[in-house]
Amino acid sequence: MNDDIVQMINEWNPVEIYPLLEDEYYSEIRKIHEKSMETNSFGELAKQIHSVFAQSFKKEFDKRIEDCQLIAEKIINITQ
């Protein structure tokens, strides 16, 4: 898995977990990394990121797809 993606997601901390453990979002990051290898579309990856976190954290995840768009752009830019 890409360490840059781990760092980006942990810095973003979309569910605002404190204190945040290094591997707190590991399963979500793994899924996002897989999706990032399948698409070059920021919008498509943003939807996938939103879906992954919404499924994992339900009501605790309150970000919009637009919030996910920013992280999707960063991820695609480093993985392509």
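Mentor: Happy to. In this predicted model, helix H3 crosses helix H4, and the crossing is right-handed. The two helices pack at an angle of about 115°, and their axes lie 8 Å apart. On the H3 side, the contact is made by Phe42, Gly43, Leu45, Ala46, Lys47, Ile49 and His50. H4 answers with Ile65, Cys68, Gln69, Ile71, Ala72, Glu73, Ile75, Ile76 and Asn77. Sorted by class, the contact of H3 with H4 has 10 nonpolar, 4 polar and 2 charged residues.

H3 covers residues 42-57 and H4 covers 65-79, and the loop between H3 and H4 is where you find Lys58. Its backbone deserves a look: Lys58 is not a glycine, yet its phi is positive, near 50°. Most residues other than glycine have a negative phi. At 58% relative accessibility, Lys58 counts as exposed, because the cut-off for that word is over 50%.

Further along, the side chain of Lys63 forms a salt bridge with that of Glu16, at 3.7 Å from N to O. Lys63 sits in the loop between H3 and H4, while Glu16 is in the loop between H1 and H2, so this pair ties together parts that are 47 residues apart in sequence. Lys63 has a relative accessible area of 18%, so it counts as buried, the limit being under 20%. As background, side chains of opposite charge can pair when their charged atoms come close.

Arg64, Glu66 and Asp67 are linked in a network of salt bridges. Arg64 meets Asp67 at 3.4 Å, N to O, and the side chains of Arg64 and Glu66 meet at 4.0 Å, again N to O. Asp67 counts as partly exposed, with 24% relative accessibility. In total, the count of salt bridges comes to 3.

Asp4, in helix H1, and Thr79 are 75 residues apart along the chain, while their C-alpha atoms are separated by 9.1 Å. Asp4 is partly exposed, with a relative accessible area of 41%.

With a relative accessible area of 5%, Asn13 is buried. Pro19 also belongs to the loop between H1 and H2, and the peptide bond joining Tyr18 and Pro19 is cis, with omega about -10°. Most peptide bonds are trans.

H1 (residues 3-12) and H2 (residues 26-38) pack at an angle of about 125°, with axes 10 Å apart. That angle makes H1 oblique to H2. The crossing of H1 and H2 is right-handed. Here Ile5, Val6, Ile9 and Asn10 of H1 meet Ile29, Ile32, His33 and Ser36 of H2. By class, the contact of H1 with H2 has 5 nonpolar, 3 polar and no charged residues.

Note on methods. Residues numbered from 1 in each chain as written. Predicted model: local features only at pLDDT ≥ 70, side-chain atom pairs only at ≥ 80, totals over all residues. Heavy atoms only, no water. Axes fitted to C-alpha atoms, helices over the stretch in contact; angles between N-to-C directions. Helix = DSSP H or I, 4+ residues; strand = E, 2+ residues; numbered from the N terminus. Parallel < 35°, antiparallel > 145°, perpendicular 65-115°, else oblique. Left-handed = near helix turned anticlockwise from the far one by under 90°. Contact = heavy atoms within 4.5 Å. Nonpolar A, V, L, I, M, F, W, Y, C, P; charged D, E, K, R; others polar. Buried < 20%, exposed > 50% of the residue type's maximum accessible area, 1.4 Å probe, protein only.
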